[in-house]
Amino acid sequence: QVQLVESGGGLVQAGGSLRLSCAASGRTLSSWSMGWFRQAPGKEREFVAALTWSESNADYSTVYADSVKARFTISRDNAKNTVYLQMNSLKPEDTALYYCAAANRPTVRALLRTSAWYDYWGQGTQVTVSS
């Protein structure tokens, strides 16, 4: 069974940066898709960023929500079975509980935005951005 352990959340001033980490226990393959979602109080869980293996490019493909593109960067370290979310230029509206998610297969970039597609979820790490 795969377990996702998140870390790196905290309190940061607007304009600052944080890097979230999500470590996957067990044996995960480099072809697994990994994503980040967030949920603020009173709001639905929303997609943030994800990556998947692209056969056509022989490389990882990434996708971002419009609200975070150019500010956030998703990456992974296959040797550590860890996915990262580098968050720069943080805004108060980025305040939320951030979850990492995983699926044991690659997919098209559009499907990475759908939370129901993922098989495993972390417990979440809180990110709070002050004004």
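Which strands form an open sheet, and in what order? I looked this up in the model, which is predicted.

**Entry 1: the sheet.** I find four strands in the open sheet, ordered β1-β3-β8-β7, with antiparallel pairing. I note β1 (4–7) and β7 as the edge strands, since each of them pairs on one side only. From one strand to the next, I read an average twist of 15°. I then looked at the pair β3 and β8: six bridges join these two strands, which run antiparallel. Within this pairing, I see Cys22 opposite Val83 in β8.

**Entry 2: the disulfide.** How many disulfides does a search of the whole structure find? I get one. The disulfide is formed by Cys22 and Cys100, and I read 2.0 Å between their sulfur atoms. The torsion about the S-S bond of Cys22 and Cys100 comes out at about 50°, so I record the disulfide as right-handed. I place Cys22 in strand β3 and Cys100 in strand β9 (residues 96–103), so the pair ties together parts that lie 78 residues apart in sequence. Are Cys22 and Cys100 buried or exposed? I find both of them buried.

**Entry 3: Ser21.** I moved to Ser21, which lies in strand β3 (residues 18–24). Is Ser21 buried or exposed? Its relative accessible area is 14%, and the cut-off for buried is under 20%, so I list Ser21 as buried. Leaving out residues up to four places away in sequence, I list the contacts of Ser21 as Val5, Glu6, Ser7, Trp36, Thr82, Val83 and Tyr84.

**Entry 4: the nonpolar core.** I looked up the largest nonpolar core and count 38 residues in it. Which residues have the most contacts inside this core? I note Trp36, Leu85, Met87 and Tyr98. The elements that give two or more residues to the core are β3, β4 (33–39), β5 (46–54), β6 (59–64), β7 (72–77), β8 (82–87), β9 and β11 (125–130). I record β9 as the element that gives the most, with six residues. As a general remark, nonpolar side chains in soluble globular proteins tend to be buried together.

**Entry 5: Leu85.** I took Leu85 from the residues with the most contacts inside the core. What does Leu85 touch, not counting residues up to four places away in sequence? My list for Leu85 is Leu18, Arg19, Leu20, Trp36, Val48, Ala49, Phe72, Thr73, Ile74 and Tyr98. Trp36 is in this list, and Trp36 is also in the list for Ser21.

How values were computed:
Residues are numbered from 1 along each chain as its sequence is written. This is a predicted model: local features need pLDDT of at least 70, side-chain atom pairs count only at pLDDT 80 or more; totals for chains, interfaces and linings use all residues. Side-chain values use heavy atoms; hydrogens and water are left out. Buried means under 20% relative accessible area, exposed over 50%, partly exposed in between (1.4 Å probe, protein chains only). Contact means heavy atoms within 4.5 Å. A disulfide is a pair of cysteine sulfur atoms within 2.5 Å. A nonpolar core is a set of buried Ala, Val, Leu, Ile, Met, Phe, Trp, Tyr and Cys residues joined through side-chain atoms within 4.5 Å. Two strands pair if DSSP finds at least two bridges between them. Axes are lines fitted to C-alpha atoms, for helices over the stretch in contact, and angles run from 0 to 180 degrees between N-to-C directions.
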